[in-house]
Amino acid sequence: MFRWLLLLILIVPALEIGLLIWAGNLIGPWWVILLILLTGVLGAWLAKQQGLETIRKLQTSVGNHELPGEALLDGACILVGGAVLLTPGFITDAIGFLLLIPATRSPLKNGLRRIINKMMDRNTITIYRK
């Protein structure tokens, strides 16, 4: 796991820099800066909207004495998506928007749920339920 994280930390910024330079040469540096600012503002607005909706779902689940598993997965995806959107770059912006838009977040949550279930089956992690 650490190796993959290290590769991600090294490769993604290098790809982002290369893509930003390429885009700057293609459309001009000021347009790239404008795109970076625009995606940051749009991402922050979308993260706020989705976060508030998820908080409402969480409150409803707790109010109905249900486990808020779905809302917690949504919250984790929104948190990561919002954080990734704050970093400048087109690759991270694409990942952030995939995590923030509900239609694209759903398949990602299913994959995350499968990973968590595998980890629980291997006793790598333990989730306690009442």
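**Confidence.** I noted that this is a predicted model. The mean pLDDT of the protein chain is 89, and 97% of its residues reach 70 or more. I then looked up the confidence by element: it is lowest in α5, at a mean of 89, and highest in α4, at 93.

**Helix α1.** I began with α1, which covers residues 2-27 and has 26 residues. From first C-alpha to last I read 37 Å, close to the 38 Å expected at 1.5 Å a residue. Which residues of α1 are buried? I found E16, A23 and G24. The buried residues of α1 pack against α2 (29-63) and α4 (90-100). Just after α1 comes G28, and I wrote down its positive phi of about 105°.

**Where α4 meets α5.** Next I asked at what angle α4 and α5 pack. The angle is about 90°, and the axes are 5 Å apart. Angles of 65 to 115 degrees count as roughly perpendicular, so that is how I describe α4 and α5. On the α4 side, the contact is made by F97, L98, L99 and L100. On the α5 side, I listed P102, T104, R105 and L108. Sorted by class, the contact of α4 with α5 has six nonpolar residues, one polar and one charged.

**C77.** Then I turned to C77, which sits in helix α3 (residues 69-85). Is C77 buried or exposed? Its relative accessibility is 5%, so I put C77 down as buried. Setting aside neighbours within four places in sequence, I found C77 in contact with L99, R105 and K109. Two of these names were already in my notes: L99 and R105 are among the residues where α4 and α5 touch. I also checked C77 against L98, 21 residues apart along the chain, and their C-alpha atoms are separated by 9.3 Å.

**Two positive phi angles.** H65 has a positive phi of about 60° and is found in the loop between α2 and α3. With a relative accessible area of 77%, H65 is exposed. N123 also has a positive phi of about 60°, and I located N123 in the segment after α5. N123 is exposed, at a relative accessible area of 64%.

Note on methods
Residues are numbered from 1 along each chain as its sequence is written. This is a predicted model: local features need pLDDT of at least 70, side-chain atom pairs count only at pLDDT 80 or more; totals for chains, interfaces and linings use all residues. Side-chain values use heavy atoms; hydrogens and water are left out. Helices (H or I, at least four residues) and strands (E, at least two) are DSSP runs, numbered from the N terminus. Buried means under 20% relative accessible area, exposed over 50%, partly exposed in between (1.4 Å probe, protein chains only). Contact means heavy atoms within 4.5 Å. The expected span of a helix is 1.5 Å times one less than its number of residues. Axes are lines fitted to C-alpha atoms, for helices over the stretch in contact, and angles run from 0 to 180 degrees between N-to-C directions. Angles under 35 degrees count as roughly parallel, over 145 as roughly antiparallel, 65 to 115 as roughly perpendicular and the rest as oblique. Ala, Val, Leu, Ile, Met, Phe, Trp, Tyr, Cys and Pro count as nonpolar, Asp, Glu, Lys and Arg as charged, and the others, Gly among them, as polar. pLDDT is the predictor's confidence in each residue, from 0 to 100.
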